[in-house]
Amino acid sequence: RLGRQIMIYAIALIAAVACIAGPAYFWYVWYQAKTELEEQTVQYQSQIDNVETLMIYAIIMTVVCVIVLLLIIFLRSRIGLMVTLFKEAGFMVMRMIIILFTPIVLALFLMAWAALWSFVSGFIYTHGAATDFPIARTFSETNDNVDFTKEVTFVYFKDNDYILYVWLYHLFGLYWGTEFLLACHEMAIAGAFVQFYWTRDKRKVHFPVLRGIWWVFRYHLGTVAFGSCIIAIIQLIRTILAYIQNKTKDSQSEFVKYLLYCLQCCLWCFEKVMKFINRNAYIYTAFKGTNFCSSCKKVFGLLMSNLVRVGVINCVGSFILFIGKFMVAIITGILGYFMMKNDADLQYWAVPVLIASIFAFAVAHTFFSVYEIGIDTIFVCFAEDETINDGTPGREYYMSKNLMQWVDNSGEALKNLRKRKAQQKAQAKAGKSGDVAMEDM
């Protein structure tokens, strides 16, 4: 308990110090660059742009860090369960380190799918009926000063009437294929984590990542395809709505304009909600083996019965993960600044540093997604474990000792856990004594 409290306050303290030191350093660098620029007799436009960019970065950094600092202050007392979930996820990841390479495999599949989709798009774009387009052209002879008219025939490809529906079908294929690959990745990772959670002796878990992938392609492709199809339909409707907005933007009344904006906002929220439900349904399917609709129904009831915990995990968990991604991007930007500021061949270093920071944030987001799915998986398993078990003999919890401290009857459960372990040790010791006695005889 003391170690957990120390870790909680250590995370909060490090984040708070970073939120104070980060903006202070950026303002110091801006002041130093501004002073050096004012001392120069000849000022180049690129130097002025660098100083102005530094000031913009410092302002943005200050605003973001103030918001983060306020969140740390208000959420500091609710971070305990999240720290425990992070510890459990970290423990499981270290036991199956290969799981950190699954985002790379996913990225390769997504790039291959994008290349195939682009290749087919080229065929659709050039598809059409060849149509002659004759026009009369006037030519002049330079030597004789004689003008004459000649008919020239051009050929263009006229789109068929059904080409718009073909593009919609093709676009739906892009959305569905992309969401299908993402859903397969989520369920495979969830399958790896549930094997660790629902196994009492963790040493008996072998090749969890490969088994998780095998479970997806052997048993759950229909669940993944159905869930991803729902998301793809929503995305297609949003695209059609955006197309209508773009085509009618000059002839829209204010009422229609705001109505379309409201519809887009509602569809965006609905998509986020469905993605949240889908992910938890995939997790529930990974350890229960139920179909998509049954998993949605069961996991929705499970989450509603743990509504406060769900809110804390989604708010605080997303906040902690954001801090990690944010720190990676900031450290990359600072290192890039030190590497490029003294480069004489580089006149404007702000853009390369910004691109490097964005790329670092994207890479961090990709790898942190493994932890995010792992935390969600452990929480759903924890909630289900708390529902079907109570820690009494015969109905022992599968959760670890750290997680057991967060259940309602934690004292009794821990007491039964210690009693069970003592009995196992006594039985093992008695077995060894019996073996020694048999050898002596």
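## Exercises on a buried threonine and on aromatic pairs

Thr285 belongs to helix H8, which spans residues 254-288, in a model that is predicted.

**Exercise 1.** Determine whether Thr285 is buried or exposed, and list which residues it touches beyond four places away in sequence.

*Solution.* The relative accessibility of Thr285 is 0%, and since buried means under 20%, Thr285 counts as buried. Leaving out residues up to four places away in sequence, the contacts of Thr285 are Met187, His220, Thr223, Thr290, Asn291 and Ser295.

**Exercise 2.** State how many aromatic pairs the model holds, and classify the pair of Phe119 and Phe123.

*Solution.* The count comes to ten aromatic pairs. For Phe119 and Phe123 the ring centres lie 5.1 Å apart and the planes stand at 75 degrees, so the pair is edge-to-face. Both residues lie in helix H4 (residues 102-125), where a spacing of four residues separates them by about one helical turn. Phe119 counts as exposed at 53% relative accessibility, and Phe123 is exposed at 54%.

**Exercise 3.** Describe the geometry of the pair formed by Phe226 and Phe292, and say which helices it links.

*Solution.* The centres of Phe226 and Phe292 are 5.4 Å apart with 70 degrees between the planes, which is an edge-to-face arrangement. The pair links distant parts of the chain, as Phe226 lies in helix H7 (residues 221-247) and Phe292 in helix H9 (residues 292-304), 66 residues apart. Phe226 is partly exposed, at 43%, whereas Phe292 is buried, at 6%.

**Exercise 4.** Identify which residues ring pairs link into a cluster with Tyr398, and what sits over the ring of Tyr398.

*Solution.* Ring pairs link Tyr398 with Tyr197, Trp198, Tyr284 and Phe287 in a cluster. Over the ring of Tyr398 sits the charged end of Arg200, 3.9 Å from the ring centre.

Conventions. Residues are numbered from 1 along each chain as its sequence is written. This is a predicted model: local features need pLDDT of at least 70, side-chain atom pairs count only at pLDDT 80 or more; totals for chains, interfaces and linings use all residues. Side-chain values use heavy atoms; hydrogens and water are left out. Helices (H or I, at least four residues) and strands (E, at least two) are DSSP runs, numbered from the N terminus. Buried means under 20% relative accessible area, exposed over 50%, partly exposed in between (1.4 Å probe, protein chains only). Contact means heavy atoms within 4.5 Å. Rings of Phe, Tyr and Trp (its six-membered ring) pair if their centres lie within 6.5 Å; planes under 30 degrees apart count as stacked, over 60 as edge-to-face and the rest as tilted. A charge sits over a ring if NZ of Lys or CZ of Arg is within 6 Å of the ring centre and within 35 degrees of the ring normal.
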